[in-house]
Amino acid sequence: MEQLQVLYESNLDSLEILETLEIELNLRATKASVALQDRILKQLDKLTQSGDSRSPPSVPSPIALPPAATVAPPKLATTTAATAWSATPPAVAEPAATMALQDAERILGVRNDAPWATVESARFTKVAPSSPDALAGLKKTEAAKRVADAKAANAAYLTLLSLRCLVF
C-alpha cells in the first residue's frame, strides 16, 4: 500500500497511471485501499472535468517506483517437506511464458470476452487441485501433473490479463 500511495502522490496529473492504480485497488478490500481508491476516483473526476478524456491505456506503460519505495519481498519459511518437493523436477514441462489466445481460452474453459469474475473463477477451479492440502498423500507423478495443470492455468490467466491491458 505504501508503494501505491507513493505512485498516487507522484502522479496526480497522469490519467493513465491513476486509472491503472484504480484498477489495482479494485482487487483489494482493506480500509486503506478503499480510502486510496476514493482519493484516486476524486482526482480522476477532477482531471476529467478539466477537459481530459478518460480512456483505457492503449499500450501498458511500466510504472517505475522510486528507489526509496522499493521493498524487498519477505523471506518465506521453508519446511523440510517443501524443500524436498522443490528439489524434485516436475514430471511435465512448464507452459511457455506466452501462449496463444485460443490455448488460454481452452485451458481455462472461458472466452476472452467473458466477465473477469468468470475468468478468475475458472482459474481458481483449475488451480485448487494443486494446493498443498490437495497434494498431500498423492503419488509424485499425480502431484506433478496437478502442479503443471495449475501452472498452465496461471499462464492462461496471465495471457488473458495481458490482453485486457491490465498488465503489471
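**Figure 1. Helix α1 packs against α2 (15-25) and α3 (31-49) through its buried residues.** The structure shown is a predicted model. Helix α1 spans residues 2-10, and Leu 4, Leu 7 and Tyr 8 are buried in it. Viewed down the axis of α1, the buried residues fall within an arc of 100 degrees, so they line one face of the helix. An α-helix has 3.6 residues a turn, so residues three or four places apart point the same way.

**Figure 2. The largest nonpolar core has 18 residues.** The members that touch the most others are Met 99, Leu 108, Val 110, Trp 116, Val 119, Ala 156 and Leu 160. At least two residues of this core come from each of α5 (101-108), α6 (116-127) and α8 (140-163). Helix α8 gives the largest share, eight residues.

**Figure 3. Ala 156 touches Met 99, Ala 104, Ile 107 and Leu 108.** Residues up to four places away in sequence are not counted here. A second, separate core has 12 residues, including Leu 18, Leu 21, Ile 40 and Leu 47.

**Figure 4. The model contains one aromatic pair.** The ring centres of Trp 116 and Tyr 157 are 5.3 Å apart and the ring planes are at 40 degrees, so the pair is tilted. Trp 116 belongs to helix α6 and Tyr 157 to helix α8, so that distant parts of the chain, 41 residues apart, are linked. Trp 116 is buried, with a relative accessible area of 18%, and Tyr 157 is buried at 15% relative accessibility.

**Figure 5. Arg 123 lies over the face of Tyr 157.** The distance from Arg 123 to the ring centre is 5.1 Å.

Conventions
Residues numbered from 1 in each chain as written. Predicted model: local features only at pLDDT ≥ 70, side-chain atom pairs only at ≥ 80, totals over all residues. Heavy atoms only, no water. Core = buried A, V, L, I, M, F, W, Y, C linked by side-chain atoms within 4.5 Å. Buried < 20%, exposed > 50% of the residue type's maximum accessible area, 1.4 Å probe, protein only. Helix = DSSP H or I, 4+ residues; strand = E, 2+ residues; numbered from the N terminus. Contact = heavy atoms within 4.5 Å. Arc of directions from axis to C-beta. Phe/Tyr/Trp six-rings, centres within 6.5 Å; stacked < 30°, edge-to-face > 60°. Lys NZ or Arg CZ within 6 Å of the ring centre and 35° of its normal.
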